[in-house]
Amino acid sequence: MQFPKLQIIRKASFKATPWKNGGGITHEAIRVPAGGDTFRWRVSVAHIDASGPFSEFAEYNRKMVLLQGAGIELRFGDGISKKLRQVGELVEFDGALSTHCELLDGPCVDLNLMVSKSDGVAAKVERFIESLPVNASRNESTVLFPIDRRVGFKASTGESATLEPWDLAVLSQCRGHLHRLGSSVHVSASTSVFVATLKFVSGQ
């Protein structure tokens with residue numbers, strides 16, 4: 001499947017779906033391919049209202065970012081645990097691990113990226129003051145998800161878009177840069193954006 005070079009998916013259009021184990025609701029932004037239970041990669045926003053187990057996704061690697069709330073602790077079946085306490089903190093883990101989520105102080109919201117283990121992905125939360133270059137080369141897609149502020153995107157082709165917090169942009173064979181919007185933001189305040197580049201071994 002080939003995407004347009006710049007695809008924007010607004011937060012308001014995310015599709016609410018129940019967790020596979022029935023323990024919560026996920027608001028799905030994009031699934032590739034769009035139909036069927038099996039996907040190659042997926043971006044979603046999950047509302048976690050109670051502690052409990054996560055669904056198993058054995059064929060996927062998972063990236064999770066805290067978007068709202070006082071934090072969570074993830075306890076994995078291999079005995080390791082990890083905490084997300086600050087908005088923008090990122091954790092990466094194998095979807096095959098049994099995972100229990102413990103809320104630290106009330107409900108939370110998190111961003112989830114799941115990518116098939118047959119493909120590669122490099123993900124991070126970038127913090128920038130003025131602008132941030134972004135790129136998706138051949139057989140790649142780059143996912144952009146602003147966490148805390150409104151940002152602008154301008155592509156090298158001249159295309160541009162405004163992204164509100166929690167909107168999603170997907171770049172395919174496209175480069176450009178993100179820039180801050182709004183003069184009311186203090187000059188030293190950084191903007192946090194989740195950036196993930198998916199590398200498809202056999203094309204998309």
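Is Phe39 buried or exposed, and at what relative accessibility? At 5% relative accessibility, Phe39 counts as buried, where buried means under 20% relative accessible area, exposed means over 50%, and partly exposed lies in between (1.4 Å probe, protein chains only). The model is predicted, so local features need pLDDT of at least 70 and side-chain atom pairs count only at pLDDT 80 or more, while totals for chains, interfaces and linings use all residues. Residues are numbered from 1 along each chain as its sequence is written, and side-chain values use heavy atoms, with hydrogens and water left out.

We can begin with the chain as a whole. Its secondary structure comes to zero helices and 17 strands; helices (H or I, at least four residues) and strands (E, at least two) are DSSP runs, numbered from the N terminus. The radius of gyration is 17 Å, close to the 17 Å that the globule rule gives for 204 residues, so the chain is as compact as a globular protein of that length. This radius is taken over C-alpha atoms, and the rule is 2.2 Å times the number of residues to the power 0.38. Along the principal axes, the C-alpha atoms fill a box of roughly 45 × 45 × 30 Å. Of the 204 residues, 48% count as buried. Among contacts (heavy atoms within 4.5 Å) with a separation of 6 or more, residues 24 or more positions apart account for 69%.

Back to Phe39 and its surroundings. Four aromatic pairs turn up in a search of the whole structure; rings of Phe, Tyr and Trp (its six-membered ring) pair if their centres lie within 6.5 Å, and planes under 30 degrees apart count as stacked, over 60 as edge-to-face and the rest as tilted. In one of the pairs, the rings of Phe39 and Phe57 have centres 6.4 Å apart and planes at 50 degrees, so this pair is tilted. The two residues bring together distant parts of the chain, 18 residues apart: Phe39 sits in the loop between strand 3 (25-32) and strand 4 (41-48), and Phe57 in the loop between strand 5 (52-53) and strand 6 (60-68). The rings of Phe57 and Tyr60 have centres 6.2 Å apart and planes at 70 degrees, so they are edge-to-face. Both Phe57 and Tyr60 are buried, and ring pairs link Phe39, Phe57 and Tyr60 into a cluster.

Phe39 is also among the residues touched by Arg31, together with Gly36, Asp37, Trp41 and Arg42, not counting residues up to four places away in sequence. Arg31 lies in strand 3 and is buried, with a relative accessible area of 18%. Its side chain makes a polar contact with the side chain of Glu28 (3.1 Å); such a contact is a pair of N or O atoms within 3.5 Å, and within protein one must be able to donate a hydrogen and the other to accept it, with residues adjacent in sequence counting only if both atoms are side-chain atoms.

Turning to the strands, four of them form an open antiparallel sheet in the order 5-10-7-8, where two strands pair if DSSP finds at least two bridges between them. Strand 5 and strand 8 (81-84) are the edge strands, each pairing on one side only. In strand 10, His100 is the bridge partner of Pro53.

Elsewhere, strand 14 and strand 15 form a hairpin with four residues between them, and Gly158 in the turn has a positive phi of about 105 degrees.
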